Amino acid sequence: MTITKKQNGSALTVCVEGRLDTVTAPDLEKEIAAVADSVNELTVDFAKLDYISSAGLRVLLSTHKNFAKKGGMTITNVNETVMDIFDVTGFKDILTIK
């Protein structure tokens, strides 16, 4: 998995490429935690995400809860495979997906 961050003031975009699974989810969690205090709005770009596991979903849920107290978290560019996972798990109704 490759993570690219782009910060613009208090807004951060995190681009995730590859697989977000048990092995890589802690890396995403650490990257977001490292800047969470200086960021109010988070956009997670999944344009190049191939797969997400329950470990990745857990990271998204905890991040969503943390940013709900701030400016919010949005997930963008979700492919059909990942959207199916969000739909089956109910995350489609919890997360803001554009």
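Q: What makes Thr 63 count as buried or exposed?
A: In this predicted model, Thr 63 has a relative accessible area of 6%. Buried means under 20%, so Thr 63 is buried.

Q: Where does Thr 63 lie, and which residues is Thr 63 in contact with, leaving aside its neighbours within four places in sequence?
A: Thr 63 lies in helix H2. With those neighbours left aside, Thr 63 is in contact with Ile 32, Leu 42 and Met 73. Contact here means heavy atoms within 4.5 Å. Thr 63 and Glu 29 are 34 residues apart in sequence, yet 8.0 Å apart in space, C-alpha to C-alpha.

Q: What makes Tyr 51 count as buried, exposed or partly exposed?
A: Tyr 51 has 31% relative accessibility. Buried needs under 20% and exposed needs over 50%, so Tyr 51 falls in between and counts as partly exposed. Tyr 51 is found in strand E3. Leaving aside its neighbours within four places in sequence, Tyr 51 is in contact with Gly 18, Arg 19, Leu 20, Asp 21 and Val 82. Now look at Lys 69: Tyr 51 and Lys 69 are 18 residues apart in sequence, but 28 Å apart in space, C-alpha to C-alpha.

Q: How do you know whether Asn 77 is buried, exposed or partly exposed?
A: Asn 77 comes out at 42% relative accessibility. That value sits between the 20% and 50% cut-offs, so Asn 77 is partly exposed. Asn 77 lies in the loop between E4 and H3. Its phi is near 55°, a positive value in a residue other than glycine.

Q: What order do the strands of the sheet take, and what is the pairing?
A: There are 5 strands in an open sheet, in the order E1-E2-E3-E4-E5, and the pairing is mixed. Strand E1 (2-8) and strand E5 (96-97) each have a single partner strand, so one side of each has no neighbour in the sheet.

Q: How do you know that E1 and E2 pair?
A: Two strands pair if there are at least two bridges between them, and 7 bridges join E1 to E2 (residues 11-20), so they qualify. E1 and E2 run antiparallel. Thr 2 stands opposite Glu 17 in E2, and Gln 7 has Leu 12 in E2 as its bridge partner. The hairpin of E1 and E2 has 2 residues between the strands, and Gly 9 in that hairpin takes a positive phi near 65°.

Q: What makes E2 and E3, and then E3 and E4, count as pairs?
A: The cut-off is at least two bridges. E2 and E3 pair over 9 bridges in the parallel sense, with Thr 13 bridged to Thr 43 in E3. E3 and E4 are joined by 5 bridges and run parallel too. Asp 45 stands opposite Thr 76 in E4.

Q: Why is E4 called mostly covered?
A: Buried means under 20% relative accessible area, and 4 of the 5 residues of E4 are buried.

Q: Which residues have the most contacts inside the largest nonpolar core, and which elements supply it?
A: That core has 27 residues, and those with the most contacts inside it are Leu 42, Phe 46, Ile 52, Leu 60, Met 73, Ile 75 and Phe 86. E2, H1, E3, H2, E4 and helix H3 (80-89) each supply at least two residues of the core. Take Ile 52: leaving aside its neighbours within four places in sequence, Ile 52 is in contact with Leu 20, Phe 46, Leu 57, Leu 60, Val 82, Ile 85 and Phe 86. In soluble globular proteins, nonpolar side chains tend to be buried together.

Q: What makes the charged end of Lys 70 count as sitting over the ring of Phe 67?
A: The charged end is 5.0 Å from the centre of the ring. The distance limit is within 6 Å, along with a limit of within 35 degrees of the ring normal.

Key: Residues are numbered from 1 along each chain as its sequence is written. This is a predicted model: local features need pLDDT of at least 70, side-chain atom pairs count only at pLDDT 80 or more; totals for chains, interfaces and linings use all residues. Side-chain values use heavy atoms; hydrogens and water are left out. A nonpolar core is a set of buried Ala, Val, Leu, Ile, Met, Phe, Trp, Tyr and Cys residues joined through side-chain atoms within 4.5 Å. Buried means under 20% relative accessible area, exposed over 50%, partly exposed in between (1.4 Å probe, protein chains only).
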